[in-house]
Amino acid sequence: MARLLPFNIAVVSTVFLFVCTKSVCCNNGRRVGDALDTEFSGFSVPLEHSFEVDDVAKFRVRGALLLKAGREPSVLLNQNQLSEEDRTKLKEVAAVDGLYRIQVPRVFLLADRQTERQMEGYLTAFVRACAMVESHLSDSITLHTDVSGYLIGVSIVTLPGACRGTEVEDEVDLEVFNTTLHVMPPVNATGPGTAWFIERMEQESEKKSKNPQEQKSFFAKYWYLILGGAIFLMASNSAQPPAGGGREQS
Amino acid sequence: MEKLIVLCLKFIILCGTVDAVFEDQVGKFDWRQQYVGKVRFSHFDTHMQSSKKVLLATENNVFAAINTRTGELFWRHVDKAGQEGSIDAFLQHGQDAVLVVGDGRVLRSWDINIGGLNWEIVLDSGSFQSACLVGQQDNVKHVAVLKKTAISLHYLSNGHQKWIENLPESDTVDYQVVYSGGNGEVYALGVVPHSHITIVVYSVEDGEVVKQISVEAPWLSDIQASCAVVDQGILTCVDSATVSLYMLDLHVQSQMTQIPLQSLGFEAAPGFHPALVSTQPNPARPPLSEFFLQLGPEHYLLLQLNNGQIVTLRDFKPAMLVSFATTGEKTVAAVMSPKNKTASTLNLFSAETGRRLLDTTLIFNMDPYGGKPEKLHVQAFLKKDDSVGYRVMVQTEDHTLTFIQQPGRVIWTREEALSDVVTMEMVDLPLTGTQAELEGEFGKKADGLFSMVLKRLSSQFILLQAWVAHLWKLFYDARQPRSQVKNDVTIENLSRDEFNLQKMMVMVTASGKLFGIDSKTGSILWRHYLDDIPSNAAFKLIVQRTTAHFPHPPQCTLLIKDKDTGLATLHVFNPIFGKKSHVTPPTMTQPILQSIILPLMDQDYAKVLLLVDDQYKVSAFPSTKNVLQQLQDMASSIYFFLVDSDQGRLSGYRLRTDLSTELIWEVVVPTEVQRIVSVKGKRPNEHVHSQGRVMGDRSVLYKYLNPNLLAVVTESTDLHQERSFIGITLIDGVTGRIFHNAVQRKARGPVHVVHSENWVVYEYWNTKSRRNEFSVIELYEGMELYNSTVFSSLDRPHAPQVLQQSYIFPSSISAMEATLTEKGITSRHLLIGLPSGGILSLPKMFLDPRRPEIVSEQIREENLILYAPELPIRTEWFINYNQSVSGVRGIYTAPSGLESTCLVVAYGLDIYQTRVYPSKQFDVLKDDYDYMLISSVLFALFFATMISKRLAEVKLLNRAWR
């Protein structure tokens, strides 16, 4: 039994890892809509893309975003494979330095009903098609929400991001998307760190009070200076001749 | 630990640059100009014959006294901005000036001699209608204030309320005017539009209603616009529909008597609403029986009411402006009539007879670059021979005040338009003639070796000549006392100085008047009034060609956009001389959404201005073939963004080769939650010298220097102090990628933002702690650069590291800007305009998110200051010492030719110009630098080496012989 335990942990951790990657990464090859998890209490919106040689946007479905509503919205992505036709087209677009665009509808992640979720309009973003090709369809999509859970923007970048003009084997590399997906709610900006500063001030004053040198009274500390000053004053007074009186007489 | 702190403190003190000026430097590098704004009411101080004051109450909520001899301010009081401090009425009696301020909120009395406050009382609430002085038996002791629902009487001596009475039927009757003729009664005149006039008469003594009458007047809707009280309390009104005068004796209840103007033999100009001008020289006596009737834009009649009969004293046609003035017992009428295109004449007429007074002609020369006269303010006085003399202050459409004396000598001019500067630019001055000559040599095409040599020789000779002349001038000036040396700057001798410290300030004011101001002295070198500017225009000033491209003249373009319709016009001009350029700007028929200045230049070195209209079509200015060709080549790399704050939409576009555009990204901020208040990019002329920061361990932290980065500031629509927040979003303007999205909770605007280099600084109001706070965001790429040679927004896959820190600031602020220098080597300071009138130069060092909380060896190595939550305000950081700048609305910074020096202009009600040295003057020798000592030491050393060399040689020779 004791020998089995490490193995169990290993299994659990692999499963866990798999789950983790699943929640962040998309899985591929499934058709949209045919495998929507029923227990996943979210809703789906289409992720659309467009790449045309003449750069007139014609959006088609690339995959589906499964959005899970709640305090901490999470997102899953189901994506289609690129068809043969699309692959050639993408390469053509890349050759003329066209754009690869994506769009998602504006949604409200925290609403309970489907009708409240969707809003008019889309959010769009783009990368250069050549970067998409040369990175072998590995991209990173970020969905930005605002404080109340409205989707405000979408960003897409490819990794690597440069276009160097390298040849790409379409059969192997341009079939499946390798996408990383994030949802970014706004971060809370920090205020001035007063509490910490006050704490530090208190600590210092405490330290000061602990120090016996500091605890002495004013006179105890500086008696020699005061004494010296007094002696000096007296000395200077007695040394002074009664000049004032003399002047008055003259 | 303690020692460390002490060490740190010492370090801070040593590090903190001291920017204070020395006493002898006051006014040497800086100047301030104080303004009052567009004049609403004015009174000449007449209670003393020798007085030389004119009192002005202005639209900028300023009450001021101006010296009529020089045009300078005696004193000035600036009230709160906006409706709260607006001056509704201004009454003057003797030494007292009574003001009603803030829609009848406050009644104030000022002593006009010294500008001190006599008293101030808060009035009961209610919207203000009218006020007048109330006198009895030649004694003025009270002031009456009429509000929407009540009338009150106050003592002039201490402001105490004598009585207050509610107005009868104030929910239906619109009371508009209060009048007193000095007979112990106060008349409140109200109107029920298109029905009748109501007159309520109160007794001055106890506020008892003496009489209340109402008279049918179905044609009347506004008393103030069409009526006036003349003679012994006769309400005279003019009706444009029937073209007739109506009269009503306020003392006896009667019908209004109608006198058709045709019976007098006059007709009103079609479409013009006639108006009446009457005068009441002494509030304790009834008004004069003479009054003006304006029948057309340039047609006035001087009429007299004589026993109920109207007598025409004189017909003024053409007459642009008229005004009454009284001195002693004499009342005169000043009439301005056009003479020719550039001048008009003023004449005085006796009000009683309408006869022209002898030797009272005054010629007013109109500025061809100014506006038309709008208002006359006449100061009449009695000469020794008892005849009437006068001076006149003419107010023109461009808010200029010109004070003129007979026969047309301008005593002073005040450009009050400068109290409302909207935007400005600083332009380098052109080269001198000789420098230009030399420059021109390179510009021309080569035509033979010999001629080139000759040309070079001749230009060198000219330079030599200029140098000798310069030396001679220096020598000549040195012999004269310093005060006599005059360096008058005129538009002819303008030229760039050695370090490019003197520039031309091009200022655009809300009135539509443009100014060219010399930055060294503050003197106005040119002015140009643009008439036909819509009242709610937005301005954008663009420098299309600088002075660097001789012989092409510099060129500025002003984009004037009507905020309602979105329609825009362009005004192209030479920023040095102010002259309108011969280049014809394109006429735009579509509303303009965005204007972009591109770094592209046409063959004449003018930068290309792109204008995006509401069809998302782009037009270029200048649009020569060359430019269009360049645009086609560059189109795919030209991106721009549009902001629609009504819909919360930010969208990015790319230019196509056919100058159409395509939408490439879109970010939508829901307007139900927050609204976009400002979008700030970086300044295009900004240079960053160092790519990174050296850390304590000698590694480099690279800055994220994205020139396309935008800082978008949003404010929550919910203003509850617990739920309100402000948002800061950093977006790339090309790709629309959001790098950072943060909210500052429990915060509220107004937010001031500065965005520069790799940092964004913003200031907001913390609703929970009730204080102002600063926050700084800095962006870093990390320990290594992604691509160190070139920056492209399209190829930066890694998001930058974001660091943020916040601080408490002990004051609210009214404007903020960062210093700017030529090469960006000098450390940066933030220039903060405070409501107190100070301009604070806060080192950016204090706003650094890497300020540590605990000291360590590496931190000390890096020169970081320990974190303290509060930002200090040190008095030596005020760059304007005691020269307070009222109501700062903007701060403009410009680099100079010296890397250490940044030119600063703060504008608001006042204008203040100075120089700042954020890292002290590291590239300038001090004024008291000892040239003698250093040169004598040098010479001594030189001779010492010569002598010792010689001695050594002798010694060597001797040794060799031995």
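**View 1. The salt bridge between A:Arg101 and B:Glu662 in the predicted model.** The closest N and O atoms of A:Arg101 and B:Glu662 lie 2.7 Å apart. One salt bridge is counted between chain A and chain B. Polar contacts between the two chains number 16 residue pairs, with both residues at pLDDT 80 or more.

**View 2. Elements on the side of chain A that touches chain B.** Strands S5 (99-107), S6 (118-128), S7 (138-145), S8 (151-158) and S10 (187-188) of chain A each supply at least two residues. H6(A) gives the largest share, seven residues. By residue class, this side of chain A holds 19 nonpolar, 13 polar and ten charged residues.

**View 3. Buried area between chain A and chain B.** Contact involves 42 residues of chain A and 47 residues of chain B. The buried area is about 3700 Å². Carbon and sulfur atoms give 56% of that area. In chain A, the most area is lost to chain B by A:Phe126, A:Ile152 and A:Pro192. Together they account for 16% of what that side buries. For the complex, the predictor reports an ipTM of 0.78 and a pTM of 0.85.

**View 4. Residues 756-961 of chain B, an annotated domain.** An unreviewed UniProt entry annotates this range as "ER membrane protein complex subunit 1 C-terminal". The range is 17% helix and 30% strand. Its end C-alpha atoms are 74 Å apart.

**View 5. Residues 11-19 of chain B, with pLDDT below 50.** Chain B averages a pLDDT of 87, and 95% of its residues score at least 70. Residues 11-19 of chain B still have 15 contacts in the model beyond near neighbours in sequence.

Conventions:
Residues are numbered from 1 along each chain as its sequence is written. Chains are lettered from A and ligands numbered from 1 in the order in which they are written. This is a predicted model: local features need pLDDT of at least 70, side-chain atom pairs count only at pLDDT 80 or more; totals for chains, interfaces and linings use all residues. Side-chain values use heavy atoms; hydrogens and water are left out. UniProt positions are given in the numbering used here, feature names are shortened, and annotations may be inferred rather than shown by experiment. Helices (H or I, at least four residues) and strands (E, at least two) are DSSP runs, numbered from the N terminus. pLDDT is the predictor's confidence in each residue, from 0 to 100. Contact means heavy atoms within 4.5 Å. Buried area is the accessible area (1.4 Å probe) that two parts lose on being put together, summed over both. A salt bridge is a side-chain nitrogen of Lys or Arg within 4 Å of a carboxyl oxygen of Asp or Glu. A polar contact is a pair of N or O atoms within 3.5 Å; within protein, one must be able to donate a hydrogen and the other to accept it, and residues adjacent in sequence count only if both atoms are side-chain atoms. Ala, Val, Leu, Ile, Met, Phe, Trp, Tyr, Cys and Pro count as nonpolar, Asp, Glu, Lys and Arg as charged, and the others, Gly among them, as polar.
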